[in-house]
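Biologist: Please take me through the model below, one question at a time, and tell me how each term is being used.

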Amino acid sequence: MFRKPAKFFSASQDWRFLKISPSRESMIYFTQGFAGLCVFNLAILAAWIFLSASLTPFEWWLSVFLGTFIAGGGVIIFYIIWNPLSWIFDREADQLLLGTKVIGRLRSIRQIRLSPERGEDEKLRHVLSVVIEDTGPCCLYQHERLEELRGLANVIAEFVGVTVAILPANEEPRSLMSFADSPQWLQVAAGVVISSIVCGPLLLLTYLVPTSLTEKLLYLGMTPLLMGLFLVFLYRRGKRLAFNEPDTGLRVRLLERLDRDFKLGFITLVPASLVGVGLVAWLIFY
């Protein structure tokens with residue numbers, strides 16, 4: 001486990017400029033994480049090549065393509081991490097810039113705002129934004145560390161000459177289709193189900209498991225069905241939890257979000273299943 005940096009952002013200023021950018025510690029942290037992911041994927045590709053008795057010309061070209069894609073994509077991501085855009089407050093030119101792009105004028109900034117926001121993953125994050133006249137809030141950063149963002153907000157407010165406003169939390173009803181607050185046994189069971197749904201096709205794709213054509217076709221049809229049943233299970237569990245809520249207003253909002261999350265899950269499931277089933281079918285009959 002990589003240790004999180006003490007500071008994710010750095011601020012430097014003189015009489016004219018205030019520059020805010022990701023800290024060197026944070027860039028190293030994200031580089032380590034992404035490098036580990038690239039190495040892991042390359043190791044899986046190398047293991048597949050090693051375990052295969054012999055590769056056809058198509059499979060060799062596919063391996064070369066995947067390796068080049070992983071390595072090339074890694075280089076691009078590393079370049080983006082180490083060349084981040086900085087927010088620049090230019091007092092002499094009276095400009096707020098993101099990199100070289102002009103966002104607005106410093107004299108139009110009316111307030112520095114900190115507001116909490118709960119995302120789809122149920123984590124509470126804080127949004128640091130500048131309120132610009134006639135255009136509204138402009139988000140600078142979104143992060144979990146309130147104290148660090150509050151320090152940045154105070155530095156910006158002092159440089160620009162405005163005040164800092166900290167808004168109260170606007171609580172969004174929690175998602176009842178997540179396992180964030182479920183019992184540990186249910187989290188483990190969900191992990192086993194999801195792993196079996198994901199790992200099954202991988203074993204078939206790599207030809208490590210001897211299976212007949214009938215078994216492959218059966219699994220081909222069962223995968224979308226299992227994923228659909230898993231979503232239905234989450235929906236029914238969430239509905240039961242919502243009806244146990246004594247607050248009528250909160251119960252209505254929980255049910256509304258549950259329906260929205262359930263529909264979003266199926267909208268995501270359908271194209272993903274079609275792509276996955278099509279890929280497995282193509283490899284079966286190739």
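Modeller: A definition comes first: a residue is called buried when its relative accessible area is under 20%, exposed when over 50%, and partly exposed in between, with a 1.4 Å probe and protein chains only. The model is predicted, and local features need pLDDT of at least 70 and side-chain atom pairs pLDDT 80 or more, whereas totals for chains, interfaces and linings use all residues. Residues are numbered from 1 along each chain as its sequence is written, and side-chain values use heavy atoms, with hydrogens and water left out.

Biologist: By that definition, is Arg-145 buried, exposed or partly exposed?

Modeller: Arg-145 forms a salt bridge with Glu-148, the closest N and O atoms being 3.9 Å apart, where a salt bridge is a side-chain nitrogen of Lys or Arg within 4 Å of a carboxyl oxygen of Asp or Glu. Glu-148 has a relative accessible area of 14% and is buried. For Arg-145 the relative accessible area is 28%, so this residue is partly exposed.

Biologist: In what order do the strands of the open sheet lie?

Modeller: Helices (H or I, at least four residues) and strands (E, at least two) are DSSP runs, numbered from the N terminus, and two strands pair if DSSP finds at least two bridges between them. On that basis the open sheet has five strands with antiparallel pairing, in the order β1-β2-β3-β4-β5.

Biologist: Which strands of that sheet stand at the edges, and why is one side of each left without a neighbour?

Modeller: The twist averages 20° from one strand to the next, with axes taken as lines fitted to C-alpha atoms (for helices over the stretch in contact) and angles running from 0 to 180 degrees between N-to-C directions. Each edge strand has a single partner strand, so one side of it has no neighbour in the sheet, and these two strands are β1 (9–13) and β5 (101–104).

Biologist: Which residue in β2 stands opposite Ser-12?

Modeller: β1 and β2 form a hairpin with three residues between them, and five bridges join these antiparallel strands, β2 covering residues 17–22. Within this pairing Ala-11 stands opposite Ile-20, while the residue opposite Ser-12 is Lys-19.

Biologist: How far apart are the end C-alpha atoms of α2?

Modeller: The expected span of a helix is 1.5 Å times one less than its number of residues. The 26 residues of α2 (residues 57–82) should therefore span 38 Å, which agrees with the distance between its end C-alpha atoms, 37 Å.

Biologist: Against which helix do the buried residues of α2 pack?

Modeller: The buried residues of α2 are Glu-59, Ser-63, Gly-67, Ile-70, Gly-74 and Ile-81. Contact means heavy atoms within 4.5 Å, and the buried residues of α1, among them Cys-38, Leu-45 and Trp-48, pack against β2 and α2. The helix against which the buried residues of α2 pack is α1 (24–51).

Biologist: Is Arg-107 buried or exposed?

Modeller: The side chains of Asp-94 and Arg-107 meet in a salt bridge at 2.6 Å, N to O, one of seven found in the whole structure. The pair links the loop between β3 and β4 to the loop between β5 and β6, 13 residues apart. Asp-94 has a relative accessible area of 10% and is buried, whereas Arg-107, at 62%, is exposed.

Biologist: What separates Arg-150 and Glu-147 in α3?

Modeller: Their side chains meet in a salt bridge at 3.2 Å, N to O. Arg-150 is partly exposed at 28% relative accessible area, and Glu-147 counts as exposed at 56%. Because they are three residues apart in the helix, their separation is about one helical turn.
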